[in-house]
Amino acid sequence: MTMKRNIWSSEIRNVLLIPFLILNSAFLIAQTPTASARQGKSILVTGVIVHMGNGKVIENGVIGFKDGKITLVGDATTIKIEAGAYDTTYALNGMHAYPGFIAPNTTLGITEVDAVRSTNDFNEVGSYNPHVRALIAYNAEGKVITTVRTNGILYAQVTPRRGTVSGSSSVMGLDGWNWEDATFKKDDGIHLNFPKVTFRAQFNIEGPDVPTTGNTKYDEQVNELKKFFADAKSYCAQATVEEKNLRYEAMRGIFKGTQILYIHTDFVKDIIASVNFATQFGIKKTVIVGGNDSWKVSKLLKKNNIPVMITRMHSLPEADFDDVDLPYKLAYLLQKDSVQFCLQNAGDQEGQNVRNIPFLAGTARAYGLSNEEAVASISYSVAKIMGVDKEIGSIESGKNASFFISTGDALDMKTNNVILAFLNGKKLALTNTQQEQYKRYCNKYGIKP
Amino acid sequence: MNLTKKLALAFCVFSPAFLNSQTVTFPTNGAPNPNHNYYAFTNCTLHVDAGAVINNATLLIKDGQIIDAAEKVKVPDGAVTVDLKGKHIYPSFIEMYSDYGMPENKPAQRNFFGAPQMENNIKGAYGWNQAIKADVNGYAVFANNEAKADELRKMGFGTVLTSQKDGIVRGSGTVVLLNTQKKENENILKDRAAAFYSFSKGSSAQDYPSSLMGSIALLRQTYLDAQWYATNKNKTEYNISLEAFNSLQTLPSIFEVSTKLSALRADKIGDEFKTKYIIKGSGDEYQRINDLELANCRFIIPLNFPDAYDVEDAYDAELVSTADLKHWEMAPANAKFMQDNFIPFAITTADLKDKAKFWKNLRKAIQYGLNEQNALKTLTTIPAQMLGMSDKIGALKKGMLANFIITSKSVFDEDAVIYENWVGGYPYRIRDIHAPDIRGKYELSYDNNKYKVEIGGEPDKLNSNIILKDTAKSNLSVIFKSGNAVFNFNKDSLTLVQAQLNYSEVTNSFVGKVLAGNGKWYDASMVRIGDATDKKKEEKKKDAPQYGEVFYPFTSYGRPELKENIVQRFKNRLGAVLIKKATVWTNDSVGILKEHDVYVVDGKIVRVAPNIEAPKGAFAKVIDGKGKHLTAGIIDEHSHIAISEGVNEGTQSSSSEVRIGDVVNSDDINIYRQLSGGVTSAHLLHGSANAIGGQTQLIKLRWGLAPEDMKYEKWDGFIKFALGENVKQSNWGDLNTVRFPQTRMGVEQVYYDYFTRAKEYSSKWKAFNESKEKTKIAPRRDIELDALVEILDKKRFITCHSYVKSEIDMLMHVGDSMGFKVNTFTHILEGYKVADKMKKHGAAASTFSDWWAYKMEVMDAIPYNAALLMKMGLVTSINSDDAEMGRRLNQEAAKSIKYGGLSEEEAWKLCTLNPAKMLHIDDKVGSVKAGKVADLVLWSDNPLSINAKAEKTIIDGIIYYDVDEDAKLREEIKKERARIISKMIKEKQNGANTQKPVSRRPRLYHCDTMEDGTLDEFEIQN
């Protein structure tokens, strides 16, 4: 069975995509689609399998929304909808609705071309930069962004890198004229690259790799880090400060609990040290980012209520003796031990690779999660961990109307085919430069796209 | 007992007169002091060599030579006679791998980010490459080194082969005596005794070669150049390096390697140039012992057994690789493996950081199964044979050098002591031969007190304890020198402070004084009452060495299955396999067949049909395929796994002389990981750092076999070319602006230049081969141009790393005008822009599914590329260029359904049949039909689905990955690790030295990985 899955498939076009195609053709010359206009009308989507994101699924579902907020989610067999109650109705029988996927911990939008230094805006100079903010460098019109949302990713937590404390991330909706438009949650947390007790082996031209003897400056680095946090904490506790310190000022939210401390760390000893560190400084909300070895200390993480944003699943195991599929089943291992987790995709080509996040979830599903758990791992769970689950991350009444429709299983590259997407109720243009380029050359050669 | 006189006689040679011993041609300062005395060593157990022992023998020497060595020897009048009753004499040992007396080597100061050094920095009429140091002669720079000589003599060595260990060709080594009483002139036994080689460029800071395959190529070309230089009468250059290289060829050749796989590599070079190297190994030979046995080389092996890792912290233990854990346990058995496989070898102290461990480790090797007689051979007769000096050293026979050691007992006994080491007739005293052994149990009496004292330990490291009234023991220190023993007591447990006691050999007892806590001295005696408890013997009995099995390959997920067994299965192709009721993706006109059986015999598919019954006599292994999908194995057109020590020889714009085939690494865990993703073949490519890269190697993932056995049989050779940013060093930092080309303009000219040269070279050879003049001189063989001529002759095919349309056009133009085709454009992310032209040229396309925006030249990449190229009728594949993606190529192929709407059948061909086509192996693999080789994968689901898992990966009809076996292997690895870790913990608790656990993750290569750097930045831009 080889049903065509592409967005120009004939069956689909007839039913619903006429407005979309018209819109589409308007952008044939444009490089990046224009930001969507505000949506004033009420819209109803019917006949879809609603993957709510919170673990629930509605087989014959309807979704209604108005003014950017979901007003109705339910089972068509039990809900009565009066004719004409909605301005527009999409009858999308048998298709899948998902909450807009969220890509946490990414440099999407703050870099354009990895190898071109002038386009890299994620590495600031200095070791302690909590005051540095990713959102202002976010290019809402970056070319990569539109290639990402066409796979169902509608939000990204844009995150700085380098240094010990890299700065603060912000959660962006992947649509807008500028970063102010696109900002969903400003400065949601501060990112800490916890010192590593050991480094990987060094390459050796003269023979086998030279093993590392570990990080000789580890104690020094940890002490420095602790001093910074102790000083910042003391500063934040003072009723009035003698002289303003921007770096310490930026830390207030961490100590108050209004911002999250994201600790980037992988090796089991570093994770333990991170947890102890967070406890020592009374950090209210801590998240481990990476956490290769988190499954080894799941009890500790659970006890301390620390969630994990799991290392890119499409990775090789760290050690030769690891289970060959260890990275693939990491989500399952945490799920089994009731550790809160979500997926993330940092690493090589991380901006571009955000579009593959649904397939990470697909892998998590193939290696132990249920379908709805897998969906949650890139939607609801992400929102929950970032503390924004009141508004996004699931298709539930009262939440932001940020969801999309795929003709097939969105977690499988074979069937992921996003034909309709709304962000805060705004209908997104599902075109990108890559599609345009494809069509141009199909035209040139006279072949069917 | 006239001991003192005896001693004086034996050691009169230490008198100052001898320190001035004269070299004949040198002038004398004062009266000369000639000494032509006879020395007779009587009543000894004489080990003539490892095979012959004479009891009650006499060894007679004079002028540094053996006059006689037999049971009955007439001792001339006036001979200095030493009675060695109960003592043993052995030939002294020969150190085969040393830099004794050589000037210190300064390692190269290479600045990885610095400007390149493209030429030899040494001025003079030398060859072009600084790593070829053929002109270095050990004898010319040799100088005695008292401290080092002393160290070696104490271990029992008398003769040393020493050389400068610097460079790929290291010149000649010299055989010297460790007789530091004599001048260098008299110590050099053989000036040019052996030639030395390695794969390491040492102090050369010249860029080339930057990889192991580059070192191999450089050495091969040097052999060829030297041959040409020697035979070419019309040459116009004088080349010191080549002159010297040629003069090395008559010497025994010693090749130092750092791994067992490199030992095989060295041997291969030796085969090509008709040289049987003596290989200086690395101590891991047991891990590929059968292949090394077949190589038929002699070895020099070190005894550098690693210390146990300190793994008391369970998480630290996780850093240590399985290979490291196992090697710790098995390294002491290496010599036994060599011996049991009849590989002749010498033992060296080289690589031992702490030379004091030599004897400890040698005895350990014996404990692990090295036979004592063989151990002696490895230190005496075998090295002597290797040096062609069996008539002089390595045994104690008439006319040979008086190089021998005197020991207390059989030298391999745990507590044997070397008393003296005579080098060239000169004695070096290590321990007083007549010093009494005072170890034993005594009773100490003074002032009506009696205590039991025990003296134990080693003769030169005694320890002692005293038993107090309540039977508790208290340790006390003891120093025994010149018959006088000094004891220091622990005053808290006894009222004694010190004892000064003199030993009598007649009574075996002590008399003297003790100092009590009250400050008074008392007369004391200590009478022997028995022998010391022999703790060691008891321990020895307990600890018969036990160790795990050798894994093939020697890493996690290796199997303890001997290579022969796998090869046997593979070569004889015994056994039939029948896969029942699977959904078969044939990649053939019949499409996807449901509920079909596939019958495999002798590694080949014989039938694809429903309901096949295997003949009873075939004993077919039946696999239930119900509900599962059976496909051809995945072929990765662009992979960099399983490569040792460097994927790029990017130091020059062309490196067509290097061959990935020389550096296949069969131990790479990523081979197994790819098998778990359904990959059966991988095309291992050189990197993309230069316009003309290296020759590629197609392998089948026959996990467990040696590199040569993994290579795809009879395939058309390929070569990697590259275009664009990597080639012009765009992202290499601001200092790398020297190498031509730095622009796309220059890249074109590199090709014109090299192919022009290749054509001229080819016609020169043609003319020569066709010429009837026998005296005509052959043109110089150039292995770089050889590879290009193969391209022109359509015997080698190009796969070219490429992104941007302009340069793709360019290369096709160059090809069209120079007479070659570009077989495959790999990456080819802008292929969709030139699909029509590529089709016309006849090129295939091997691309990524969705990579883009990682550098400037991939900004126009689109994930629809593969689909468009397919639609345009090009042979198109999806490749990985990445060890991680390599095990998900099925998913990457599936993306072409999403991006471009290919059918599932078409999409599946992207990673199976199409790469087979572009590699010219589609007559054998790539589809499931009768007559093809059984490279098959059984999937749990539709292979294009994210839910699919490879359950069985079959190559040549043999299952190399099986999900059920994998589950068992996981458990076994955990058990094996736990076993060794607990052993290491015990080792530490028993007081052994330990080392810090260290992470040793294998390096992952991409196109841009440069060897002279640890630049992670380079790794991201493929």
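Residues count from 1 along each chain as its sequence is written, and chains are lettered from A and ligands numbered from 1 in the order in which they are written. As this is a predicted model, local features need pLDDT of at least 70 and side-chain atom pairs count only at pLDDT 80 or more, while totals for chains, interfaces and linings use all residues.

**View 1**
Chain A has 15 helices and 16 strands; helices here are DSSP runs of H or I with at least four residues, strands are runs of E with at least two, and both are numbered from the N terminus. Of its 449 residues, 54% are buried, where buried means 20 or more other C-beta atoms within 10 Å of a residue's own, exposed means 12 or fewer, partly exposed is in between, and C-beta atoms are placed from the backbone. The average pLDDT, the predictor's confidence in each residue on a scale from 0 to 100, is 90 for chain A, and 90% of the residues score at least 70. Treat residues 1-30 of chain A separately: pLDDT stays under 50 there, and the model has 32 contacts beyond four places in sequence for this stretch. A contact is a pair of residues whose C-beta atoms, placed from the backbone, lie within 7 Å. Among contacts in chain A between residues at least 6 apart in sequence, 67% join residues at least 24 apart.

Pairing calls for at least two DSSP bridges between two strands. Strand β5 (96-99) of chain A pairs with β14(A) in the antiparallel sense over 4 bridges, and A:His96 has A:Ser406 as its bridge partner. Another 4 bridges link β14(A) to β15(A), residues 418-423, again antiparallel; look for A:Phe403 opposite A:Phe422.

**View 1. A:His131 in its loop.**
A:His131 sits in the loop between β6 (101-106) and α3 (143-149) of chain A. It counts as partly exposed because it has 18 C-beta neighbours inside 10 Å. Leaving out residues up to four places away in sequence, A:His131 touches A:Leu246, A:Arg247, A:Glu249 and A:Ala250. A:Gly94 is 37 residues from A:His131 in sequence and 48 Å away in space, C-alpha to C-alpha.

**View 2. Helix α13 of chain B and what covers it.**
In α13(B), residues 357-367, B:Phe358, B:Asn361, B:Leu362 and B:Ala365 are buried. These residues cover an arc of only 105 degrees around the axis, so they lie on the same side of α13(B); the arc is taken from the directions from the helix axis to the C-beta atoms. Their cover includes α4 (146-155), α12 (334-340), β14 (345-348) and α14 (372-379) of chain B. Just after the helix, B:Gly369 takes a positive phi of about 125 degrees.

**View 3. A hairpin in chain B.**
Strands β27 (592-601) and β28 (604-609) of chain B run antiparallel, joined by 5 bridges. B:Val600 has B:Ile605 as its bridge partner. The hairpin leaves 2 residues between the strands, and B:Asp602 in the turn has a positive phi of about 55 degrees.

**View 4. The largest nonpolar core, seen around B:Leu59.**
This core has 397 residues, and B:Leu59, B:Ile89 and B:Val598 are among those with the most contacts inside it. A nonpolar core is a set of buried Ala, Val, Leu, Ile, Met, Phe, Trp, Tyr and Cys residues joined through C-beta atoms within 7 Å. Beyond four places in sequence, the contacts of B:Leu59 include B:Phe41, B:Ile66, B:Ile89 and B:Phe404.

How values were computed
Two residues are in contact if their C-beta atoms, placed from the backbone, lie within 7 Å.
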